[in-house]
There are 2 protein chains.
Amino acid sequence: MPRCRVCGRRAKYYVPWSNAWFCPEHFIRYVERSVFRVYEKYIGGRHRRVLFAVSGGKDSVSLLHILAPKLLSEGVDVSILFIDLGIEGYTSKALKIVEENASMLKIPLIVSRLRDYGYTITDVAELYFKKLLRRPVCSICGMVKRYLMNRIAYEEGYDLVLTGHTLDDAAAFTLVNILSGRIDELVKIKPYNPGNHKLIARGKPLLFTYEAETKWYVEARNLPVLRVKCPYTPVEEGLVSEIKAMLHRLEERHPGIMRMYMRNLIDKLQPAISREIKESRLVYCSVCGMPSSTDPCGFCRIRSRILELKRGVEG
Amino acid sequence: MPRCRVCGRRAKYYVPWSNAWFCPEHFIRYVERSVFRVYEKYIGGRHRRVLFAVSGGKDSVSLLHILAPKLLSEGVDVSILFIDLGIEGYTSKALKIVEENASMLKIPLIVSRLRDYGYTITDVAELYFKKLLRRPVCSICGMVKRYLMNRIAYEEGYDLVLTGHTLDDAAAFTLVNILSGRIDELVKIKPYNPGNHKLIARGKPLLFTYEAETKWYVEARNLPVLRVKCPYTPVEEGLVSEIKAMLHRLEERHPGIMRMYMRNLIDKLQPAISREIKESRLVYCSVCGMPSSTDPCGFCRIRSRILELKRGVEG
């Protein structure tokens, strides 16, 4: 019977990349410490008003429970942001989970509704399936979330937004960027982006945390998480998922290789890439006033297109 | 029955990354043209005395037959270098093959013997198996070949050394460098290194050529190539081979992805990496006078260690 490395009691979780067994209690501490270390190394104590973007999935729920109590104990003002994308049969379940977590931790919850901008992701999906929109639903949805996260944080005076991006996705995504030569995308994936003016600083404290760790963390702590998938998750998955599956096979034979890669990417490769590549020039959108690389910004452009299409479909 | 894309005759070779069938004759032309393009783009016509490093394997033999006649027709002085590593039961076969190719093309052959420096790779392997040397045989052999290639080219007045490194190995090797954060190694893999003074320019015109292409090229042209493996090829292969196998699986589903990656690495990622990383300071070895990052150079250090060990073993 395997024993916990810390207390010698019956172990439940084997962490191959640390070659260690843990009981649930010490597994929880192990994950929390590793996330604290990332937070301290890359993000630090300079932020006083922190917004956790929580979807209700295992990653963002883990992040919230790992980091929010610590920040609260340090006197940081903490809130949760839930983005209501208006996905029928999905968003309401997700919101319930997030409300449950917010009240467990007694943290204020801000709900931002895409519907307030005149449409929902269900509208986007319908237009896409009717071939009236060519850009995939997930791509629009991702852009919308990034936009709203930043806009709410700016309007409500937060100085840091934290998201639950984990190692597995980031490793696969950055490798695809390397394979396809998208250097500008490659340098954007970081544990910390400092932001400026209307671009609020953003942190990814789980960037070195395996998905398996957040899965076991919510299990060990019995946290409420959303168990259903978004209905628009594509059946046929793309290159990123393929590379992710490859990385998982590689990880089986070389435990820790994904984390090693991410550390090398962040600490060695990205700093070696010249500054010119890093900084894409920002302008302010003439419609909404938020920072963007184009004018109008991606959000306002797609929004006006969708509202126009909706009028066409309905009219 | 598939038809050749060029002449419509019965096709024999399917090239998935170009989605094209070719008859043997037009496959040969297709490969030759693609290598000429790489040579012209990255290496160009500035070199007048070119040394082909030929091992006898399919890659270096292909390179020789693709490029040497073209360079000769342009009035370039061309020779072949064979490095006699003194591998029992292997080197003599390889030399015969290289001699055959040299006389087919009527190109002078220079044979450089490691034995003239007091030892052979068979000595290295024996010391390694006796655990008197810790550095793997292939690692020492690779260093020895790079050293002798450069030294012979310098001493004999060549201004360019060409080697048969193909896409498959280079893609796997550079990806391992990315995973392990060896940025200095990553920027070394290029189609062209200009060299300076005693460091002779080096070219890898097959850097965008798949191994499958050289395999079919020697088959289509019925060229003499070495069919045996070096006896010291490790049975248990390392991370590079594993990544290479992964890339081959990925290539099956995404034909051309390895070549796309290599183009992006060479044309986008490497140029984005700052100059400081690229240039490791060179000194001249106080023993042999050749350029190196250490003094004495790797070749002279390992040589004196091996000669000492040989005296010990024999004495």
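Start with both chains in view: the copies meet through the same surface, because 94% of the interface residues of chain A are also interface residues in chain B. Contact here means that C-beta atoms, placed from the backbone, lie within 7 Å. This is a predicted model, in which local features need pLDDT of at least 70, side-chain atom pairs count only at pLDDT 80 or more, and totals for chains, interfaces and linings use all residues. Residues are numbered from 1 along each chain as its sequence is written, while chains are lettered from A and ligands numbered from 1 in the order in which they are written.

Select the contact next. It takes 18 residues from chain A and 18 residues from chain B. On the side of chain A that touches chain B, H10(A) gives the most, with seven residues. (Helices, H or I of at least four residues, and strands, E of at least two, are DSSP runs numbered from the N terminus.)

Six strands form an open, mixed sheet in the order E5-E4-E3-E6-E8-E7; strands pair if DSSP finds at least two bridges between them. Select 49-53 and 77-84 of chain A: these are E3 and E4, parallel and joined by five bridges. Arg49(A) has Asp77(A) as its bridge partner in E4(A).

Note on methods:
Contact = placed C-beta atoms within 7 Å.
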